[in-house]
Structure formats: C-alpha cells, structure tokens
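Please look through the chain below with its helices, its cores and its aromatic rings in mind. The paragraphs that follow take these topics in turn.

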Amino acid sequence: MAALSPEACDYVRQLARRLHEAEHGTGTDLVREAGQFLGLSVATVYRHLKAVAGWSSGRKARSDKGTTSVSAEALVTMGAAQRENISAGGKQRLFTTTARGILEQNGHTFGVSNGHINKLLRDRKLNVAAQRVAEPVQAQRAPHPNHTHQIDPSLCAIYYLKGRQYIIREDEFYKNKLDKIAQLKFKVYRYVCYDRASGMLIPWYCEAAGETQHNLFQFLMFAWGQQEGRLMHGVPKVLLWDKGSANQATAVRSLLDALGVRHIAHRAGNARAKGGVENGNNIVEVQFESRLKFQPVQSVEELNAAAFAWANAYCANLIPGQDTRLRRIGLPAPTARLDLWQLITAEQVRVLPTLEVCQAFMRSKAEDRQVRGDQSVTFRHPSAGRTLPYSLKGFDGINVGDTVQVRGLIYGECAIQVQVERYNGEPLLYRVEPSVNFDAYGQDMAAAVTGDEYRSAPHTEAQHAAKAMDEAAYPGMTGDEIKAARDKRATPFGGKMNAHGYLQDIEHPAYLQRQGSAIDTPAHAAPVGPEMLAPEMAMLRIAPAIGRNLTPEEYAFFMRRYADGVPEDQVAALIAQYQAPAVADEPLRAAGGLRAV
C-alpha cells in the first residue's frame, strides 16, 4: 500500500470524522466517493482510514469467520493429488492451478480463488510443505558466541619462493591469474573463521598445492583449540561452509558429527549465506595483508605469527590510530569484538578435545542399525564399555524396520548421533541419550505393564492429515495395503481420476485460414515430380481403404515392385485395382501380382 501525500492524509482524516458522524447505512457511499476522488479502490480507502486516522467501522466479526464453503472432501482430495505427485527427489510437480482444473472435471467444486485454496490447505496441514519433515535452515541470529561459526578458504596473492615473499600484482592477478598460479608448485591459502554473534575473526595460513582435508583439520584445531595469547576458543554448535569444502571433507565431517557440530553447506553461488566470513576475508586482506608489502615476512610460519598478533589487536580494538570496533544497528554503541565474545558463559564454551581424540573420531565411521519393533536401536559407545539401548520414539522420519546410521558423540553421557535419509536425500540428524531407567530385571520402566495398560504413540496433526489423504487416494485400503499399492505404483483414486482426457473434448474457437502467397519460381526450373512414399507408408493408406491386409503373395510382389517408393499420384489407382474383382485374364493378380500402373 503506497504512502499518501500530506494533503491526502488530511483528506482521509476529514473522511474519518464524516464517517463517525454519518447515519447508519450511508458510510459506504462516502468511502466510494472518496475512492473515486483519490483514484483508489474502496478496500484501499478503508486500509488508509485505519492506517492514517485509526478509524474502524466497529462491526463485529462474522459469526461464520473461519469456516469455508469448500467441502472437506474436496480439500483432502486436492492435498492427496498434490502429495501423490512428489518426485523421488522431493520436487512438487502438481500445483493448485493444475490440480483444481483436474478435480473440477471429476466432480469436485471449490468456488474460491486458488490463493484461498492454498490457505485452506495450509491451515489444515494438507499442503505439501506440512507433509515434509522441516528442512534445517541457517540461523540468522546466533544467540551467543560460539553458537555459529563460518569458515572459508581463499587463495592468496602471496606466495613464497626460496625464502622470499612475493605478491602477485593486481594486474597480473586478475588478467593472468590462472597462468601465474599454475606455475607455482606450492600456493598460500588463507582460512578465516568468523563468529556470528561477536564478529571475532581468526585467520590462518598454510602452504599447499591445493585445498585438502588435512589443511582444513589443522585450521579447525587451531581456531577451536586454546592458543596462548588468545581468549577465543571452543567448539561451535553450527558450522556454515561452502559445498566445495564440505564435499572434500569426508573425514572432517565425521569429526564434526562426533563433536555435535551441525554443519551446513550453502548452495553453490550463494556466498551471501556466509556473508560474515566473506567480509572477514576482505578485512584480513585489506587490513592485514596490505601491510606485508612494506614489511615482508619470509615464510608461512612468520606470516601466521604476524596474522595472530594483528587479529588479537584488531578484535580487541587495540591497533594504534584505528577504531576497529564492531558497528551494528542493534548495538547501543560500537563495541570491540573481543568484548562481545567475553559475554559467553562457561556452559557455552565447549572445550575442544585433545588432538589424539579428534584424530580418532575423524577416522571413525557410522554404523548401520535397524530400528527394532519398540522403536529403539542398540549401540556400543566407546565410553560405556557395553551395548546400550537408545529409544527413537517420536522422531520424525524414523519408523520400525528403517536402517539408520549411528555414531558415538564426544560430548554427553554416552550420547549418539542418529542419521536418517530425508525424502530429498539430505540427512536428518538426531542426538540421543541412552535409556538408563530399568527395573531390577533389566526392563524399561517406561514400557506399559502387561494387562494393566496399553499405550499408543499419539499422532501429530500432519499424520492425521496424511491418513485422511491416504484414504482419499486409496479408498477402502488399510495402511499396509496403501503402502503396498504405492510400492507397486498403483494409480491413485482407483484410476478414476480424469486428469487429461477431458482436454480432448474442449471446443476450440474457429479461425479463418490465413491466405498464403505463392512463391515465384524461375521459368527454367526443372519440373517437380510427384512425391514418393515409402512402400510401408503407402501400405498404411491402401490397407484401410480396401478393408483388408494384402495376402503374403500380394505383399511380396508389392515390395519388389515399389522398392524405390510409390508415387503419391498412383496410390488411388492402386486402391481401385485392389478393390476390383479378379478376372481370368489377370493371372498375375490372382497369384499376388499387380498390373502395371
């Protein structure tokens, strides 16, 4: 809704006063008159009356508000039709516009707009999104330091040869970057860690032929470990990185899983998803690396020592002559990044285990477990020394008989991480503590007592909606029968859904044929002969016309006679010849031959 000018706002306020004093039943005419004057719709005038003048009609809400004229059956069928058209990769292929046209041709009536249908589906959890397990999304706000870290490697313009520092000039770097870099056996890579809450930056450099898991592991040990002279340390809960690093770091991902770090890779080309570290890379480049031109360092070790000192000073706002405090709209005043990080509590600092422990968990692999009938799995945690049960009841996406991946976690009392494939192939992760409440006989105290009680896991609203849609798509079937029908790719709705057949009965408007213009051909052009048909194509025209197929003898003669094609202008004569009764003086035809045409 566009803002009004001051003059128009005064007019709206005057209109509000007139409506307040108007007799009952006359207000609509006043609003309609104002709309014509302002060039706005009646509904827009009402919105401006509320926004500008705070005016309200004072009418009570309708008693039938929240109800709809669309039948529940039609909505459930709409939801079921869309749900049955989700690809194996999780892509929705049938949307309301198409589904509505199909269903209306099959006896369902809606009577409301497509947008309102979508709202009704959402309200009743019948839409496709409600039927999916919610996908994880990157938090836009980190509630405390060390909650969310962003990391990003970048190739530097710095390199070292024979104990000397070189910096590729800007014109070389951008015009001949690939050629210049390709000549170097070892390149310098810059890794930066950015803490989302405090804005703390940790740079680290390494010399290598390319990005490797080894370099990434070393960087994480440096960034998250306790370093003398640096306050920031600890393992985050969330790590945001790009797909390139994630795809190359299989072993590192195992370590992150064991540390309970939720790692999220943003899609390719979406660097803004980790804009904090992207900006951090730029800060390191222009605030620190720019100094190296005037005071070179002779090795990567010296480079890291200089970067360590610079980062400590920068984050603490202690660089002489510079104000490096973090500025955010939500901060009452610019604040040093280190001061913000020190707001962290002891519980929020997850100390990085020793290097040996991290290396061991980096080498570990997840183990497959089948979910048992009581919705549990067993696992032997390294810290427990024995096999323990873990209950998976109530976890979305996990059902009895499913195969899940289980790995031990470093933090927690023998906690494990359970991973299950989501509908779109992405992993769904759960952290589970072992079941330890047992009676003297080793039985789960949470289990129902035989003969005294029966407990059934409650269904969620989405599950109730799913059941209703299953019954609509596969009427009269049990849950197991529906599953079997889907596995056999049975047609939903009993095959009675007319999804496209009705399109053949549409009456299209008649159009006048456009008159063409003849193409002038040169007088000396060679005459064009009749079009030649392949013998098979000619046969497809002859057989229906004579009402029978040719005999084997006739067919063999025909294919020999017209091996090079049948002239288009002779097809009619051939049809007449086959239709004519055989006579005594036509021995070839009686034997399957044909007269020359």
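Contact here means heavy atoms within 4.5 Å. This is a predicted model, in which local features need pLDDT of at least 70 and side-chain atom pairs count only at pLDDT 80 or more, while totals for chains, interfaces and linings use all residues. Residues are numbered from 1 along each chain as its sequence is written, and side-chain values use heavy atoms, with hydrogens and water left out.

Leaving out residues up to four places away in sequence, Tyr205 touches Cys156, Val188, Tyr189, Arg190, Val284, Phe288, Glu289, Val300, Leu303, Asn304 and Ala307. A nonpolar core is a set of buried Ala, Val, Leu, Ile, Met, Phe, Trp, Tyr and Cys residues joined through side-chain atoms within 4.5 Å, where buried means under 20% relative accessible area, exposed over 50%, and partly exposed in between (1.4 Å probe, protein chains only). The largest such core has 58 residues, of which Tyr205, Leu220 and Trp224 touch the most other members. Helix α10 (residues 213-224) gives the most to this core, with 8 residues. Apart from it lies another core, of 25 residues, among them Val76, Ala99, Ala473 and Tyr502.

Helices (H or I, at least four residues) and strands (E, at least two) are DSSP runs, numbered from the N terminus.

Helix α1 can be read in a similar way. Its buried residues are Ala8, Cys9, Tyr11, Val12, Leu15, Ala16 and Leu19. They cover an arc of only 155 degrees around the axis, which puts them on the same side of α1. The face turned away from the buried side of α1 carries the exposed residues Pro6, Glu7, His20 and Glu21, and what covers the buried residues of α1 includes α2 and α3 (42-53).

The aromatic rings come next. Rings of Phe, Tyr and Trp (its six-membered ring) pair if their centres lie within 6.5 Å, and planes under 30 degrees apart count as stacked, over 60 as edge-to-face and the rest as tilted. By this rule the count comes to 10 aromatic pairs. Tyr11 and Phe37 form a tilted pair, with 4.8 Å centre to centre and 35 degrees between the planes. This pair links distant parts of the chain, Tyr11 being in helix α1 (residues 6-21) and Phe37 in helix α2 (residues 27-38), 26 residues apart. Tyr11 is buried, with a relative accessible area of 18%, whereas Phe37, at 59% relative accessibility, counts as exposed. Ring pairs also link Tyr205, Phe288, Trp310 and Tyr314 into a cluster.

Finally, Glu367 lies in strand β8 (residues 367-370) and, at 36% relative accessibility, counts as partly exposed. Leaving aside neighbours within four places in sequence, Glu367 is in contact with Phe379, Val404, Gln405 and Val406. The C-alpha atoms of Glu367 and Gln405 are separated by 5.4 Å, although the two are 38 residues apart along the chain.

Terms used
The arc is that of the directions from the helix axis to the C-beta atoms.
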